[in-house]
Amino acid sequence: MKLPVVHYVEGFKVVVLLLQEKQVAKRGGPRMEETAGIQCGDSKNGKEVEKECSFWSYHHGALSSFLSILATFPIHKTIFRQQIHAFSIHKAVCQLHHEGLCCLYRGILPPLMSKTLQGTLMFGTYDSFLSLLSSNTSESYMLPQRWAAGFFSGSVEALVLNPFERVQNILQDGRKNSRFPNTRSILQEFNSYGLKERLVIGYYRGLGPVLLRNSLGSALYFSFKDPLRDSLSNKGLPSWLPALVSGSINGTLTSLMLYPLTVLVANMQSQVGGHEVLSLWKSMQSVWQSRGRKLTLLYRGGSLLVLRACPTWGITTAIHDFLTENAGRDRRG
């Protein structure tokens, strides 16, 4: 329960340290702008520097994810209702309004914890896998290396976070409000199963689609994030803008491409109990039938997904790149 707060405080300390360093520079100390503009690993002690940069990535990811989920959770819940019921935006909003403000943030605890943890895992494990897959300590890595590191990073993320997403999807389903009023009631239900059922139809329900979605998503994101940012940097834009635009475009397009998998996961993970749980194939058929066999209805909720993903991915990417760059300059200086 203390995980988001701990990372929030640590991330705040990072920002404070950066501000203090700038104040030292104004008093005549070495300025970070005058140091070599390098990324992780651009020194003779490249591996040690990469570990330090991973440390910064953990705290940045935790801080940005914690704040972004607080801001975008109502949008995410509206999208979830569209995924489950194939509602229009207006109808989904009306349903949430009818339930009242007290239920608007119902189910926020699992995503708040999981997204904070996701920020640490996504960037930290990516750097670790990238270091293992390549002996190159420069800032330029080949596309296959970035793809593989992102794929493995997403797989780790899926294995760790699947139980959080499972609980979240049950809490956000309005049909389960009376049966499962809180997180504890869901955990009691899962723990009443045998060991195998507790994992297969309990905590890790829908693991296959989640693994596929997260691994492909991370691979696509990390493969094209830096090249797109670098191409924008050559156009004379403000230093913070290329990373913001790169993260927004890359993250949003990746989310849209994999959105049908997210719809399938939401429907599979909202099922609880032996009589209600369907196989993967039957779940796919059920989702396709409920959408009238139309791809446009399968993408219902996609417009709000863009609204949520664009600022979330953009801000996350911009903050991460800013902290990584300044941390690298500080180590060099």
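Predicted model: local features only at pLDDT ≥ 70, side-chain atom pairs only at ≥ 80, totals over all residues.
Me: What makes the contact between D173 and K176 a salt bridge?
Reply: The closest N and O atoms of D173 and K176 are 3.2 Å apart. The cut-off is 4 Å between a side-chain nitrogen of Lys or Arg and a carboxyl oxygen of Asp or Glu, so the pair qualifies. Side chains of opposite charge can pair when their charged atoms come close.

Me: And D173, is that residue buried or exposed, and how do you know?
Reply: D173 has 0% relative accessibility. That value is under the 20% limit, so D173 counts as buried.

Me: What about Q172: where does it lie, and what does it touch?
Reply: Q172 is in helix α5. Leaving out residues up to four places away in sequence, Q172 touches F73, H76, K77, F80 and R81. At 0% relative accessibility, Q172 also counts as buried, because buried means under 20%.

Me: R81 is on that list of contacts. What makes R81 and E99 a salt bridge?
Reply: Their side chains meet with N and O 2.9 Å apart. The limit is 4 Å, so the pair counts as a salt bridge. E99 belongs to helix α3 (residues 89–99) and R81 to helix α2 (residues 46–85), and the pair, 18 residues apart, links distant parts of the chain.

Me: How do you know whether R81 is buried or exposed?
Reply: The relative accessible area of R81 is 1%. Since buried means under 20%, R81 is buried.

Me: Why is Q95 called partly exposed?
Reply: Q95 has 24% relative accessibility. Buried is under 20% and exposed is over 50%, so a value in between makes Q95 partly exposed. Q95 is in helix α3 and touches R81, H85 and F87, not counting residues up to four places away in sequence. The C-alpha atoms of Q95 and T78, 17 residues apart along the chain, are separated by 9.1 Å.

Me: How many salt bridges are there in the structure, and which residues do shared partners join into a network?
Reply: The structure holds 10 salt bridges. One of them is between the side chains of R229 and D230, at 3.0 Å from N to O. Salt bridges that share partners join K225, D226, R229, D230 and D321 into one network.

Me: Where is D321, and why is it called buried?
Reply: D321 lies in helix α13 (residues 302–332). At 11% relative accessibility, D321 is under the 20% limit and therefore counts as buried. Leaving aside neighbours within four places in sequence, D321 is in contact with K225, R229 and A243. D321 and D226 are 95 residues apart along the chain, and their C-alpha atoms are separated by 9.6 Å.

Me: What makes α5 roughly perpendicular to α10?
Reply: The two helices pack at an angle of about 70 degrees, with their axes 8 Å apart. Angles of 65 to 115 degrees count as roughly perpendicular, so α5 is roughly perpendicular to α10. The contact is made by N162, E165, R166, N169 and I170 of α5 and V265, A266, M268 and Q269 of α10.

Me: Which residues form the nonpolar patch, and which helix gives the most to it?
Reply: The patch consists of L133, W147, F151 and F152, with about 340 Å² of accessible area together. Helix α5 (residues 143–172) gives the most, with three residues.

Me: Why is W147 called partly exposed?
Reply: W147, which lies in helix α5, has 34% relative accessibility. That is between 20% and 50%, so W147 counts as partly exposed. A patch residue needs over 30%, so W147 passes that limit as well.

Me: What is the overall make-up of the protein?
Reply: There are 13 helices and zero strands. Buried residues make up 47% of the 333 residues.

Conventions
Residues numbered from 1 in each chain as written. Heavy atoms only, no water. Patch = residues over 30% accessible without salt bridge, like charges linked within 9 Å, V, L, I, M, F, W, Y side chains within 5 Å. Areas by Shrake-Rupley, 256 points an atom, 1.4 Å probe, with all protein chains shown as cover. Helix = DSSP H or I, 4+ residues; strand = E, 2+ residues; numbered from the N terminus. Buried < 20%, exposed > 50% of the residue type's maximum accessible area, 1.4 Å probe, protein only. Axes fitted to C-alpha atoms, helices over the stretch in contact; angles between N-to-C directions. Parallel < 35°, antiparallel > 145°, perpendicular 65-115°, else oblique. Contact = heavy atoms within 4.5 Å.
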